[in-house]
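I am opening my notebook on a structure that is new to me.

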Amino acid sequence: SPRNPEQKIIKRVIALEGDIIKTIGYKKKYVKVPRGHIWVEGDHHGHSFDSNAFGPVSLGLLHARATHILWPPHRWQKLQPMLPPERKPLQRQQE
């Protein structure tokens, strides 16, 4: 969490540095993700504490990559990398 580094939150990476993203309720409608940052969002838009609330996140706060859902047991599964089509960056920086 950018507001409390002791708190761990799991979010989907939506955009990387240099990408331009259309935000959902952030103070700016469009954001170019600054160098050394990412844009993260939860799966429940409007009910998620994510970049739409606090802006781009420093890569230094990124700790790991979620690979599986383990709890509750009826949701056990391997996570597949997936970006909802409506959340793709408007412009992706060329590598």
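**Terms before I start.** I call two strands paired if DSSP finds at least two bridges between them. I also note that what I have here is a predicted model.

**Entry 1: strand partners.** I began with β1 and β4, which run antiparallel and are joined by 3 bridges. I looked up Ala15 and found that its bridge partner in β4 is Trp39. Next I turned to the pairing of β4 with β5, where I found 2 bridges and again an antiparallel run. Here I saw His37 standing opposite Ser58 of β5.

**Entry 2: β4 itself.** Is β4 enclosed or open? I found 4 of its 5 residues buried, so the rest of the structure largely encloses β4.

**Entry 3: the whole protein.** I then stepped back and listed the secondary structure, which comes to 1 helix and 7 strands. Reading from the N terminus, I wrote the order down as β-β-β-β-α-β-β-β. For the extent, I noted that the C-alpha atoms fill a box of roughly 40 × 30 × 30 Å along the principal axes. Of the 95 residues, 27% count as buried. Among contacts with a separation of 6 or more, I found that 49% are between residues 24 or more positions apart.

**Entry 4: the largest pocket.** What is the volume of the largest pocket? I have it down as about 1,300 Å³. It is lined by 37 residues, and the closest to its centre are Ile10, Lys11, Arg12, Val13 and Ala66. I wanted to know which elements contribute, and those giving two or more residues to the lining are β1, β4, β5 and β6. I sorted the lining by type and got 18 nonpolar, 11 polar and 8 charged residues.

**Entry 5: one residue up close.** I picked Ile69, which is found in strand β6. Buried or exposed? Its relative accessible area is 16%, and the cut-off for buried is under 20%, so Ile69 is buried. Which residues touch Ile69, apart from its neighbours within four places in sequence? I listed Arg75, Trp76, Gln77 and Leu79 as its contacts. For Leu79, I also looked up the C-alpha separation from Ile69: it is 7.0 Å, with the two residues 10 apart along the chain.

Terms used. Residues numbered from 1 in each chain as written. Predicted model: local features only at pLDDT ≥ 70, side-chain atom pairs only at ≥ 80, totals over all residues. Heavy atoms only, no water. 1 Å grid on protein atoms, 1.4 Å probe; cavity = no way out; pocket = protein on both sides within 12 Å on 5 of 7 lines; lining within 4 Å. Points joined across faces, edges and corners; volume = space filled by probe spheres on them. Nonpolar A, V, L, I, M, F, W, Y, C, P; charged D, E, K, R; others polar. Buried < 20%, exposed > 50% of the residue type's maximum accessible area, 1.4 Å probe, protein only. Contact = heavy atoms within 4.5 Å.
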